[in-house]
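The sequence and structure are shown first.

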Amino acid sequence: MLKVVNRVITLVALMAVIFVLPMASVSAEETKFDPFEKSIKEISDALESNQITSEQLVMYYLERIKAYDKQGPTINSFINMNEEAIEIAKQLDAERQSKGARSVLHGIPIVVKDNFDVKGMPTTAGSVALKEAYPEKDAFIIQKLKDAGAIIIGKTNMSEFAASYGRLGYSSLGGLTLNPYNLRRDASGSSSGTAAAVTANFGVFGLGTDTSGSVRGPSHVTGLVGIRPTLGLISRDGVVPSSLNFDTPGPMARSVEDVAIALSFMAGVDEKDEQTLAAKEHIVEDYSKSLDNTALKNARIGVAVDFFGDNAEVDSITNEALKKMEEMGTEIIPVSFSETTQYLWTPIIGPINEANFKVQLEKYLTQFPESQPKTLEEIIKISELPEVLNSATPVNPAGLEGLKTNLKQAPFKDTPEYNQLVTQAIPKARDEVQSIMEKENLDAIVFPTMSCPASPRFDQEDPTYVCEAYDTYAAGYIASATGFPEITVPAGATKEELPVGISFLGLAYSEQSLLDIAYSFEQATNARTLPKTTPNFEMDVEEKPTFKDVSSYVDEIMYLADKGIIKGYPDGTFKPNNPITRLQAIQMIFKEKGIVDFSDVIDPGFVDVSPGDHGYEEIAKAAELGIINGKTNAQGKRYFDPNGNLTRAHAAAILVSAYDLQGTHPTDFKDVPKEYWAHDYVSALILNNITTGYTNDQFKPNSTISRQHFAVFMARSLDDQFKPTK
């Protein structure tokens, strides 16, 4: 058995599985539907009318992720990809045809922040300490979304343990997520990965969590709609806790309607989360069904004047939004909060967070096997290991100190002072907001979601950034501390093309009213812009049967199929044991190198190759480029023998020549002496980690190479994602 190297399962492998027919040119028929910037309902309708399949949708988003998240602008929004996404999509496509759709989410690819439990994928919270923490079951709302037919395409990066400490959207496991609108800026935190992924069209919508602004802030800086619902409307079961007094999941999407649809599937009573029991009589079955684009016509909206003055552009955009609302018939009433409520972090949120973190995190960690960390002390210890501290993405030093502070402050949870905060300070803040709204008969209170635009990434300076705020997230702390809902919606963009959002705050369980108001504003302004770093590209997808005779080297073979280098046979087989001819090898190479013009080729002078023969142009071009030389017979005449089997040594020579692999290295193969013609080619393959030969120190250059073996060589030479593991 040929020992090439261990197969590496990568993102590229997920993106492959595309075509059939041998050596023919690829003319993939474009789908009838372009998913770019499309809504849930538009995509659902396209699926229902067979304009596109869920499998093709997943392929589309994976293609975009490959192009923009892992290279190009390198947004870096994902920590882990779902290796089963394509197979799940196929199953849902088959189910749609046989039984019909489960819901409007049937076959819709979504992205999920990596602090939600998804069975089969680790829940890391961005921490290297939890990189192998595989949950036994799905989080409550993940199961609800799966039951509705949603496909989780991947898990997104986040501020480690949902706390940024000056490095917004950075984690020791995922590194730094960039803002697709401006690569010098961050995507806020902690739901940065979800925000960046959704705005870059890597999924239809996404899940975030919000403790003190982690859904609203990232939505504000990436031009999304995001809602922090009433505390308890959505279950936290199966979500890594930060502080359960304030934690809530929330959907993030490119439109109010999509957020409303997502919320409809996420809201629900869960006996494992007592906070949800009070929501039972308040949940709306479908928040999107009756969205009202005239909601602002007769609305009374309070303007929180306390949260202006930190950035002139944000103020200007917000004031223009207020002016637009007035033009629509809205009555605007200035309101102001008490000094305490204007900044609730120090008196309420900060102390409660620090007291809760250790106990609640450790309770969450009990689900994992003994091999995984069970205590905050263990996580800190792992975070301080030399290999972590000296890695390319060490734990944020300030974040590490924050974990130690949480450790020290854990006893505060058992004090009368803590109890006073929970039983008196929080209700007092809640009463203040409710009193203002009732006194002025307000439908909502509006303010800039954050008082400044996206901040510079922590590792680069940006002199264009202007912000006078002590804490640009201050306005968002009101919803966090009170448990009231808040929705953010795009309102405009700065001269640096950075989005700015405005928020509408309401009383408990007023989600439908807030969605109506946000929808009314969105439809009237159409303020969302598109990031230039992740533009649309033409989708190129065909129906793609699986090769029924391929069971090994699947990733490499499907990579070649995706590239159009091979297509298999009409009977749906790849025939991996058929030897590949030298002509076929040359055709493959030309296809990958993009050579299509064979005009004016020079006669190579092979006695067995004449103009008009099959493959003459390819052979002549290969000889002209120096890729092949042919052979010499006993009479000294050159011949090519296009139908001869290609040996492993020949494959080595072609690969090395075609892809400019440099250098030689002693191979120490007993059957490849240094004077042998293929020695240098074989050595270059070894040096470039394309093959390793056999365990008995032989390369066996004279054994015929199968099409399957060649596929392995070719794939590994074309893409460094296929480097071997040791």
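## Salt bridges

Lys-532 and Glu-497 join their side chains in a salt bridge with an N to O distance of 3.0 Å; the term denotes a side-chain nitrogen of Lys or Arg within 4 Å of a carboxyl oxygen of Asp or Glu. Lys-532 lies in the loop between α17 and α18, and Glu-497 in the loop between β14 (486-493) and β15 (499-505), so that the pair links parts of the chain 35 residues apart. Helices (H or I, at least four residues) and strands (E, at least two) are DSSP runs, numbered from the N terminus. Lys-532 is exposed at 62% relative accessibility, whereas Glu-497 is partly exposed at 38%. Buried means under 20% relative accessible area, exposed over 50%, and partly exposed in between, with a 1.4 Å probe and protein chains only.

The model is predicted: local features need pLDDT of at least 70, side-chain atom pairs count only at pLDDT 80 or more, and totals for chains, interfaces and linings use all residues. Residues are numbered from 1 along each chain as its sequence is written, and side-chain values use heavy atoms, with hydrogens and water left out.

Across the whole structure, the search finds 24 salt bridges. In one of them, Arg-528 and Glu-37 bring their closest N and O atoms to 2.8 Å. This pair spans 491 residues, from the loop between α17 (511-525) and α18 (554-563) to the loop between α1 (11-14) and α2 (40-48). Arg-528 is buried at 17% relative accessibility, and Glu-37 is partly exposed at 25%. A network of salt bridges also links Arg-184, Arg-185, Asp-462 and Glu-496.

## A buried arginine without a salt bridge

Arg-167 is located in the loop between β3 (151-156) and β4 (170-171). Although buried, Arg-167 has no salt bridge, and the nearest side chain of opposite charge, that of Glu-160, is 8.2 Å away. For charge, Lys and Arg count as positive and Asp and Glu as negative, while His and the chain ends are not counted.

The residues touched by Arg-167, leaving aside those up to four places away in sequence, are Ser-159, Pro-394, Asn-396, Pro-397 and Phe-458; contact means heavy atoms within 4.5 Å.

## Nonpolar cores

The largest nonpolar core has 92 residues, of which Phe-205, Leu-207, Ile-502, Phe-504 and Leu-515 touch the most other members. Helix α3 (residues 54-69) supplies the largest share of this core, eight residues. Another core, of 52 residues, lies apart from it and includes Leu-583 and Phe-713. Such a core is a set of buried Ala, Val, Leu, Ile, Met, Phe, Trp, Tyr and Cys residues joined through side-chain atoms within 4.5 Å.

Helix α8 (residues 256-266) is mostly covered, with nine of its eleven residues buried. Among them are Val-256, Asp-258 and Met-266.

## Aromatic pairs

Rings of Phe, Tyr and Trp (its six-membered ring) pair if their centres lie within 6.5 Å; planes under 30 degrees apart count as stacked, over 60 as edge-to-face and the rest as tilted. By this rule there are 17 aromatic pairs. Tyr-170 and Phe-458 are edge-to-face because their ring centres are 5.2 Å apart and their planes stand at 70 degrees. Tyr-170 in strand β4 and Phe-458 in the loop between β13 (444-448) and α16 (477-482) are 288 residues apart. Tyr-170 is buried at 6% relative accessible area, and Phe-458 is partly exposed at 33%.
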